[in-house]
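Here is a short tour of a model for anyone who likes to check geometry by eye. Please open the viewer and follow along.

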Amino acid sequence: MSLSDVLCKAVIHFLRTQTQDELPKLEFKPTQKAFAGDITLVLFPLCKRLQANPLALGGEIGGFLKERVAEVVDYNVVGGFLNLCISDDYYLDWLHAVKGVKDFGRTAIGESAGVTLVEYSSPNTNKPLHLGHIRNNLLGYSVAEILKAAGHRVIKTQVINDRGIHICKPILAWQKWGRGETPAQAGVKGDHWVGAYYVRFDAAYRVQVADLIARGYGESEARSQAPLLREAREMLRKWEAGDAETRALWREVNSSVYQGFSETYTRLGVDFDESQYESDTYLLGKDLVAQGLEKGVFYKKSDGSVCCDLTDAGLDEKVVLRSDGTSVYITQDLGTAVERFKNHDLDRVIYTVGDEQDYHFKVLFLILKKLGYPWAAKLRHLSYGMVDLPSGRMKSRVGNVVDADELMDEMHRTAREKGVALGKLQGCSDAERERLYEAIGMGALKYHLLKVDPRKRILFNPEESIDFVGHTGPFLQYTHARIQSLLRRTGKLKWQGERVTLAPQERDILKHLERFPQAIQLAAEQLNPAWIAHYSYDLVKSFNHFYQSTRILNVGNATLRAFRLQLAAQTAVVLASALRLLGIVAPERM
RNA sequence: GGCCCCGUAGUUCAACGGAUAGAAUAAGAGUUUCCUAAACUUUAGAUACAGGUUCGAUUCCUGUCGGGGCUGCCA
């Protein structure tokens with residue numbers, strides 16, 4: 001039982017002697033630095049309910065706790081706040097109890113733990129991943145890891161958009177102008193290789209459109225009648241008809257893209273338990289549409305298209321099947337959702353998708369509810385803001401897209417430049433050094449993107465590259481490395497739980513460390529890795545305070561030295577664990 | 001037009017409805033015979049505006065202004 005549980009129980013016990021009325025929820029929080037104490041109970045809600053004076057009530061509760069709860073050694077009341085001072089023994093016992101615990105802070109996955117499906121990444125196979133995908137991947141991966149740490153079973157999945165007109169375009173360009181070239185021959189990753197053909201297609205297509213317009217076509221007509229687009233449409237038609245040659249071509253080109261994606265994922269440090277391909281799922285929703293028609297959830301319009309009326313929820317009507325009988329985007333999403341609940345016993349499904357699709361998911365969930373699936377309530381859209389550039393939104397058409405691989409290269413390069421400038425890592429082999437620069441560069445990138453609340457847009461300025469000093473990933477990594485260095489030097493000292501008197505800095509770290517499980521739970525509830533990022537930063541700040549103001553090793557008292565080393569070791573354990581939840585490597589040295 | 005999200009130091013980010021709104025960075029001043037100076041200490045600097053709800057509002061509600069998104073038989 002955690003300390004706040006103990007306190008909560010005691011306070012309720014006390015209040016029961018005062019009243020039988022329903023009690024408001026008790027609110028314990030860490031005491032602010034400016035006041036004496038460790039844990040604070042906010043009295044206002046209680047005062048209101050009991051019609052008591054804050055000072056008097058605080059005194060009564062404080063007195064009761066001091067007398068009856070061993071951990072509480074003192075209290076004071078300021079305004080409407082009851083500040084409790086916790087005994088050194090409590091924190092020392094706590095540290096002694098957790099010091100050997102592997103994976104401290106993580107909740108073991110219980111027998112009854114439900115399965116959460118986390119979908120993220122969702123790439124298109126016609127171009128390489130960009131900065132927006134990086135945010136998506138880091139967010140999805142981190143949330144999945146946090147859920148695991150909080151005791152859930154998790155399946156990580158990606159839906160690969162591998163079919164459609166946009167996939168046909170680069171294939172067509174390659175067929176026309178590629179002369180059988182392979183990515184290996186071109187010397188580029190497969191995804192970039194395909195992306196280049198996509199760009200090439202688009203350029204040629206635009207020339208054709210301009211040409212048609214010059215010959216008197218209207219703009220929209222020119223766009224839809226350009227020969228290249230007609231060819232691409234024809235390719236899509238053949239693909240859908242199952243034409244063997246087209247399918248083979250498609251398979252060949254896509255396979256090199258997957259190789260490229262795989263390298264990017266590995267470098268990003270993300271992974272998936274399964275992948276779904278739209279080429280397998282794009283027809284799934286059609287029978288649902290038929291069922292929906294029967295049930296009267298959908299209706300057929302005079303042109304033959306099928307719609308769902310959502311006006312009762314304040315939304316519009318939504319087309320779920322085109323007039324020519326083919327599916328739209330939401331049709332396959334309906335089908336995929338049903339399929340997932342058929343294949344797995346799911347507790348929850350999390351879709352990690354940008355906030356531009358908020359409306360889409362609102363509609364999707366609503367339609368599934370209307371179709372009568374009780375699990376519709378278990379679907380959740382993990383919506384995040386776009387990554388903007390100073391010039392505005394990234395648009396492939398404008399050509400200002402920040403490529404994922406290039407960005408990672410640049411982070412690595414910057415880490416190396418800064419490391420060299422600071423004279424770091426001189427004792428390492430070249431290979432080891434590069435490995436560390438990679439970890440640090442990626443640490444900077446990941447922390448930069450994850451520390452921001454997912455809902456908010458991120459402004460990414462390539463000119464002022466991501467920081468390595470201050471509130472950054474490398475700052476956390478550096479602290480971890482320093483602790484490791486400290487421990488390497490003095491590995492023999494063991495602390496066996498002997499009593500010492502806690503200095504304020506030591507107590508401060510202990511309080512932070514003790515809060516780690518709560519930080520994980522909070523992050524898991526809110527699906528927000530930023531909580532972990534901020535927790536880690538606070539922990540490191542308080543460790544540095546301790547580190548700077550106490551000479552850990554230079555004390556005569558061997559017990560105190562051993563205790564401080566244990567404190568440092570536990571900080572390293574928690575820090576490494578927190579960083580792992582963000583996908584950040586905690587280096588042994590740097 | 002309708003719906004949704006966002007407005008906090010010069011800048012980038014914090015703050016389950018709680019105490020004196022925290023950090024980082026940029027600017028100023030310091031700290032290395034001492035466990036890693038990618039660190040630490042210190043000075044100055046902010047809740048877009050107007051109402052409301054209440055013991056208390058950056059947070060909730062209404063309105064105004066500003067930024068973005070969605071409102072496709074695209075994905």
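Which residue of strand 4 does T40 stand opposite? T40 stands opposite N83 in strand 4.

Before going further, a word on what you are looking at. This is a predicted model, in which local features need pLDDT of at least 70 and side-chain atom pairs count only at pLDDT 80 or more, while totals for chains, interfaces and linings use all residues. Residues are numbered from 1 along each chain as its sequence is written, and chains are lettered from A and ligands numbered from 1 in the order in which they are written. Chain A averages a pLDDT of 92, and 100% of its residues score at least 70; pLDDT is the predictor's confidence in each residue, from 0 to 100. For the complex, the predictor gives an ipTM of 0.95 and a pTM of 0.95.

Helices (H or I, at least four residues) and strands (E, at least two) are DSSP runs, numbered from the N terminus. Two strands pair if DSSP finds at least two bridges between them. With that in hand, 4 strands form an open, antiparallel sheet in the order 1-2-4-3. Strand 1 (28-30) and strand 3 are at the edges with a single partner strand each, so one side of each has no neighbour in the sheet. From one strand to the next, the twist averages 30°; angles run from 0 to 180 degrees between N-to-C directions, and axes are lines fitted to C-alpha atoms, for helices over the stretch in contact.

Helix 3 (residues 54-68) packs on this sheet, where it touches strand 3 and strand 4, and its direction makes about 175° with that of strand 3. Contact here requires that the C-beta atoms of two residues, placed from the backbone, lie within 7 Å.

C308 has K318 in strand 10 as its bridge partner.

| Pair | Bridges |
|---|---|
| Strand 3 (residues 72-78) and strand 4 (residues 81-86) | 6 bridges |
| Strand 2 (residues 39-42) and strand 4 | 4 bridges |
| Strand 9 (residues 306-309) and strand 10 | 4 bridges |

**A helix pair**

Finally, the axes of helix 19 (residues 504-514) and helix 21 (residues 530-549) come within 9 Å and cross at roughly 160°. Helix 19 is therefore roughly antiparallel to helix 21, a term for angles over 145 degrees. Residues making the contact include Q505 and I509 of helix 19, and L539 and F543 of helix 21.

Terms used:
Parallel < 35°, antiparallel > 145°, perpendicular 65-115°, else oblique.
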